[in-house]
Amino acid sequence: AQRIRADWTGGIAGEGKGYYITGKLDSTIYRDDCLFTGPDPDMPVRGLRKYLSAAAHLFDPRQSDATLLSMEFHEDGGEKGYGMVEVNWRLGG
């Protein structure tokens, strides 16, 4: 849980900005074929590399920020029941 939280708050990148802004996260804890979904019209995206590539180009890291509002873990959730992390955040910049 702490490693995922660090990805969202910028701990792993050491920049104080989450991976959605920087495109940097601890890829060792995510499956290569994980599914990223949400209300964004470009979603869903399957695959860690594809998602990070897209996310890294959405925002200017020098002018943008993301605030983690909440994070919930659902052990049996997700498409195949492997688990799901549900995150709410506020983006700006």
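**Figure 1. Ser64, a buried residue in the loop between α3 and β3**. In this predicted model, Ser64 has a relative accessibility of 3% and therefore counts as buried, the cut-off for that class being under 20%. The residue belongs to the loop that runs between α3 and β3. When neighbours within four places in sequence are left aside, the contacts of Ser64 are with Lys17, Ile21, Phe59, Gly92 and Gly93.

**Figure 2. The largest nonpolar core of the chain**. This core is made up of 17 residues, and those with the most contacts inside it are Trp8, Tyr19, Leu25, Tyr30, Phe36, Leu48 and Tyr51. At least two residues of the core are supplied by each of α1, α2, α3 (48-56) and β3, and the element that gives the most is α3, with 4 residues. In soluble globular proteins, nonpolar side chains tend to be buried together.

**Figure 3. The surroundings of Trp8**. Trp8, which is listed among the core residues with the most contacts inside the core, touches Gly18, Tyr19, Leu68, Val87 and Trp89 once residues up to four places away in sequence are not counted.

Figure 4. Two or more lining residues come from each of α1 (2-9), α2 (19-22), β1 (35-36), β3 (65-74) and β4 (84-92), and the largest share, 7 residues, is that of β4. Sorted by residue class, the lining holds 22 nonpolar, 8 polar and 9 charged residues.

**Figure 5. The chain as a whole, as context for the close-up views.** The secondary structure comprises 3 helices and 4 strands, which follow one another along the sequence in the pattern α-α-β-β-α-β-β. Of the 93 residues in the chain, 31% count as buried, and the accessible surface amounts to about 6,200 Å², with 49% of that surface belonging to carbon and sulfur atoms. Among the contacts between residues at least 6 apart in sequence, 38% join residues that are at least 24 apart.

Terms used: Residues numbered from 1 in each chain as written. Predicted model: local features only at pLDDT ≥ 70, side-chain atom pairs only at ≥ 80, totals over all residues. Heavy atoms only, no water. Nonpolar A, V, L, I, M, F, W, Y, C, P; charged D, E, K, R; others polar. Core = buried A, V, L, I, M, F, W, Y, C linked by side-chain atoms within 4.5 Å. Buried < 20%, exposed > 50% of the residue type's maximum accessible area, 1.4 Å probe, protein only. Contact = heavy atoms within 4.5 Å. Areas by Shrake-Rupley, 256 points an atom, 1.4 Å probe, with all protein chains shown as cover.
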